[in-house]
Amino acid sequence: VQLVESGGGLVQPGGSLRLSCAASGFIFSIYDMGWYRQVPGKQRELVARITSGGSTNYADSVKGRFIISRDNAKNMVYLQMNALKPEDTAVYYCWTARGDYWGQGTQVTVSS
């Protein structure tokens, strides 16, 4: 199982970023997928999750600003992040319900 995140970077408050996760090594379409984030000294927290059927749920802190989606034909999951805030700064990790597998993460920094 491999999860490779990309798309992070430095963005100003109010800006947008789109994170991508390329998954391989398992039957992608039958598993829930998601995004977590972590800041130093804190536990990793769920940001958004999408089921194999396409249902979604979000952390309260990102509802209305972030959108998770998946492309089963490409084994990809995405996180569109809009109206970014400094408190969104974290390393973002792709997650799969396939098991305890994590990618290397991608840094998102929201700062002016």
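Biologist: Why does Asp88 count as buried?

Modeller: Buried means under 20% relative accessible area. Asp88 has 1% relative accessibility, so it counts as buried. Keep in mind that this is a predicted model.

Biologist: Okay, and where is Asp88 found, and what does it touch?

Modeller: Asp88 is in the loop between E8 and E9. Leaving out residues up to four places away in sequence, Asp88 touches Arg37, Val62, Arg65, Phe66, Ala83, Val108 and Val110.

Biologist: How do you know that Cys21 and Cys94 form a disulfide?

Modeller: The cut-off for the two cysteine sulfur atoms is 2.5 Å. In Cys21 and Cys94 the sulfur atoms sit 2.1 Å apart, within that cut-off, so the pair is a disulfide. A search of the whole structure finds one disulfide. As for where the partners sit, Cys21 belongs to strand E3 (residues 17-24) and Cys94 to strand E9 (residues 90-96), so to speak distant parts of the chain, 73 residues apart.

Biologist: What makes this link left-handed or right-handed?

Modeller: Look at the angle about the S-S bond: for Cys21 and Cys94 it is -85 degrees, and the link is left-handed.

Biologist: Are the two cysteines buried or exposed?

Modeller: Buried. Cys21 has 0% relative accessibility, so it falls under the 20% cut-off. Cys94 also has 0% relative accessibility, so Cys94 counts as buried too.

Biologist: Which residues have the most contacts inside the largest nonpolar core?

Modeller: They are Met33, Trp35, Val77, Leu79, Met81 and Tyr92, in a core of 27 residues. Among the elements that give two or more residues to this core are E3, strand E4 (33-38) and strand E8 (76-81). E3 gives the most, with four residues.

Biologist: What is Tyr92 in contact with?

Modeller: Setting aside neighbours within four places in sequence, the contacts of Tyr92 include Trp35, Leu79 and Met81. Glu5, Leu19 and Gly105 are also among them.

Biologist: Why are E2 and E6 called edge strands?

Modeller: Six strands form an open sheet in the order E2-E10-E9-E4-E5-E6, with mixed pairing. Strand E2 (9-11) and strand E6 (56-58) are the edge strands: each pairs on one side only. From one strand to the next, the twist averages 25 degrees.

Biologist: How do you know that E2 and E10 pair?

Modeller: Pairing takes at least two bridges. Three bridges join E2 to E10, so the two strands pair, and they run parallel. Leu10 stands opposite Thr109 in E10.

Key
Residues numbered from 1 in each chain as written. Predicted model: local features only at pLDDT ≥ 70, side-chain atom pairs only at ≥ 80, totals over all residues. Heavy atoms only, no water. Buried < 20%, exposed > 50% of the residue type's maximum accessible area, 1.4 Å probe, protein only. Core = buried A, V, L, I, M, F, W, Y, C linked by side-chain atoms within 4.5 Å. Contact = heavy atoms within 4.5 Å. Axes fitted to C-alpha atoms, helices over the stretch in contact; angles between N-to-C directions.
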